[in-house]
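Open the model in your viewer and keep the selection tool ready. This tour moves from whole chains down to single residues.

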Amino acid sequence: MVKVALIGAGKMGISHLSILGTHPNVELVGVCDISSLVTDFLSKFSAYPCFSDYHKMIEKTKPEAVFVAVPTRQHYEIIKFLLEKDIHVFAEKPFTLKPEHSYELKQLAQSKSLVNQVGYHNKFMGTFKELKELVNQNLIGDLYHFTGEAYGPVITKKKTGDWRSSPKEGGGCLLDYASHVIDLINDTLSPIVKARGTVLKSIYSEHVDDAVYSILELESGLSGILSVNWSEETYRKMSTSISIFGTKGKIICDATELKVYFKKAPSFKNYTKGWNVKSVVSLEEPVDFYLRGEEYSAQVDYFIDAVQHKELRPVNNFESASKTDQAIYLIRQNQLG
Amino acid sequence: MERILFGDNQFFGVNHASDEKSRAQLMKFKEDDAIIKTLDDAKDLGVNSFMCTTYERVGHICEHMLKHPAKYENYHFYPCMPYAYKYANAVTELGIIGALKHYMPGNFVSSILKGGMAYLSKDYLSIMELLVDAEMKMFKGVSTPVIFLQNVITDLLLGLNAIDVLVAFHEYVQKKYQAEAGFITMNFPRLLEALEQKGITNPIICTSVNVSGFRMSGGKELYEKTLATKQCRVIAMQVFGGGILSPKKAIEYVCSLPNIESILFGASSKGNIASTVNLIQEYDARFAHVLR
């Protein structure tokens, strides 16, 4: 059994808590949140030991691993504290607000051989996993262009609100929606090294961007377009997609479907010449407990398994998340000129 | 419950196998009349129950049916609440307290604000009851024999081990609406065990049941064993496994299982509704010996 605690029981934190609550190898030793509305509920109905001060919780409950799901601004301080106490860390995305902070935490976790993971859950989806495999197999020839997109209806009217509307807290479309797409591009294709022609657009929000448009250049030499907008009410929920164009074919991938066009039949799995459509139904691996999507349980299983085996794993580690933070920084700098 | 329940995913752009198809469906069913026409098509084929999420537009459907009482005399709604994205987006935009203020009846909000957080934090079940009432408003006057909790809430509470909230929902809809409670879940065996431990016997549970094992958490074998050995009233959903199965195989599998009281499916055209209804009737006759 792994002794696990959680800091930050908001939307993502509660979801992690529910998944952890059913995990056969997890003992939930504490939950920390500043809202008594949340902690009173959890004390009363779930009988979890609740705290409002994370220092006290760590001291009292001595967890081996902690999930951090507070606003991004607080990540650096909390994660550093946990790593210094030799605690394995799962952090929500984005990792931190400054590339130098992300780098420092990555170094610290590595030097102490502590398991470290960030919640870019798309990489645990069947379709995006298959996309990565197809790209790694080099099946669509020389790549010449890509698009990374995400649309959804988060901010659809003027408002002044919570931390998501404040850039200092880690709010805004670039840090929220776009970070997922940037992370997928970095991981699936090649790290982003330059941003050009960036437009961060405020549509309804006063202080943060609601849309991000940019031309990205990757380490591999490939270039492509980023187009993300969280003020898009024609979408029922967040929809993320990556399209990749090559001399021998083309791939279009989102959370539900992978569509691949091959000019010639490749000798890979059961793919054939022309269009191949694979649905998440055939690509997703089943999980023991389902909440909102297999990928949320899969990423928790992956982390807990790594902690149990005291093994550092490659998917969504602090290193890949700090590259994503670096790319976010490049895009913002490009907009500022 | 009736053997066949008509679902609403196709009307509101929910498609588990394709984001692209879901957007095309949203365009097709833009007007309420298009939804009503499809419900009438299903009704002509003997499907008199509509299991639907509490979208605002469902209120328009209820209004239409109330205006034509003779035509819809034996028609039933099976409301599923809450419409989670409505609340999730509201929480993102307004925060938890802001979202509660937005969706709760006016008097209660002012009273909790007066009473302060202490009052709020002690009375979660009253909040739950008020939210149920808010969602049930649109169904005033129509028949709602079973009221469901959506899987995102059922499963969240199941994972948090807050089973008492599920029990409170069960009791409240019985008391206030003389309806039975239903639970939608992606974790059927685990939920049934948790409910049984709290003394709820033979509950109505709506869950994925399909031959490919899609979204059957814990595994298809465990589902089959649970259906064969436990007491429960199951509504099978996602019987086509997200849309990739051969319809015949899909229906044959579901009809062959015990304890499946109803089958839930949705379709956009009269032809597709008819072929699924026919298949269910055909395989029900073939598996007439199975206990339902």
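What percentage of the 292 residues in chain B do buried residues make up? Buried residues make up 40% of chain B. A residue is buried if 20 or more other C-beta atoms lie within 10 Å of its own, exposed if 12 or fewer, and partly exposed in between, with C-beta atoms placed from the backbone.

Before going on, note that this is a predicted model, where local features need pLDDT of at least 70, side-chain atom pairs count only at pLDDT 80 or more, and totals for chains, interfaces and linings use all residues. Residues are numbered from 1 along each chain as its sequence is written, while chains are lettered from A and ligands numbered from 1 in the order in which they are written.

**Stop 1: the two chains**

Colour by secondary structure. Chain B has 12 helices and eight strands. Chain A has 10 helices and 14 strands. Helices (H or I, at least four residues) and strands (E, at least two) are DSSP runs, numbered from the N terminus.

Now select chain A. Of its 337 residues, 52% count as buried. Its C-alpha atoms fill a box of roughly 60 × 45 × 40 Å along the principal axes. Look next at contacts, meaning residue pairs whose C-beta atoms, placed from the backbone, lie within 7 Å. Among contacts in chain A between residues at least 6 apart in sequence, 70% join residues at least 24 apart. For chain B, that figure is 78%.

**Stop 2: two domains of chain A**

Select 2–120 + 292–314 of chain A for domain 1, then 122–286 + 323–336 for domain 2. These bounds come from an automatic or database domain assignment. The C-alpha centres of the two domains lie 26 Å apart. Across the boundary, 15 residues of domain 1 are in contact with 19 residues of domain 2. On the domain 1 side, helix 5 (99–111) and helix 9 (294–308) of chain A each supply at least two residues. Helix 9 of chain A gives the most, with four residues.

**Stop 3: an open sheet**

Find the six strands of chain A that form an open sheet in the order 3-2-1-4-5-6, with parallel pairing. Two strands pair if DSSP finds at least two bridges between them. The edge strands are strand 3 (50–51) and strand 6 of chain A, each pairing on one side only. Zoom in on strand 2 (residues 26–32) of chain A, which pairs with strand 3 over two bridges. There, A:Cys32 stands opposite A:Phe51.

**Stop 4: a hairpin and its neighbour**

Select strand 12 (residues 249–254) and strand 13 (residues 257–262) of chain A. They pair in the antiparallel sense over five bridges. A hairpin joins them through two residues. Within the pair, A:Lys250 has A:Tyr261 as its bridge partner.

Is A:Trp275 buried or exposed? A:Trp275 is exposed, because 12 other C-beta atoms lie within 10 Å. Not counting residues up to four places away in sequence, A:Trp275 touches A:Lys259 and A:Tyr261.

**Stop 5: helix 10 of chain A**

Select residues 318–336 of chain A. At 1.5 Å a residue, the 19 residues of helix 10 should span 27 Å, and its end C-alpha atoms are 27 Å apart, which agrees. The expected span is 1.5 Å times one less than the number of residues. Buried residues of helix 10 include A:Phe318, A:Ala327 and A:Ile331. Among the elements covering the buried residues are helix 5 and helix 7 (174–188) of chain A. After helix 10 comes A:Gly337, whose phi is positive, near 80 degrees.

**Stop 6: backbone exceptions**

Most residues other than glycine have a negative phi, and most peptide bonds are trans. Now select A:Asn316, in the loop between helix 9 and helix 10 of chain A. Its phi is near 60 degrees, a positive value. A:Asn316 counts as buried, because it has 27 C-beta neighbours inside 10 Å.

Jump to B:Asn161, whose phi is also positive, near 60 degrees. B:Asn161 counts as partly exposed, with 17 C-beta neighbours inside 10 Å.

Finish with two cis peptide bonds. One joins A:Lys93 and A:Pro94, with omega about -15 degrees. The other joins B:Met81 and B:Pro82, with omega about -10 degrees.

Note on methods: Contact = placed C-beta atoms within 7 Å.
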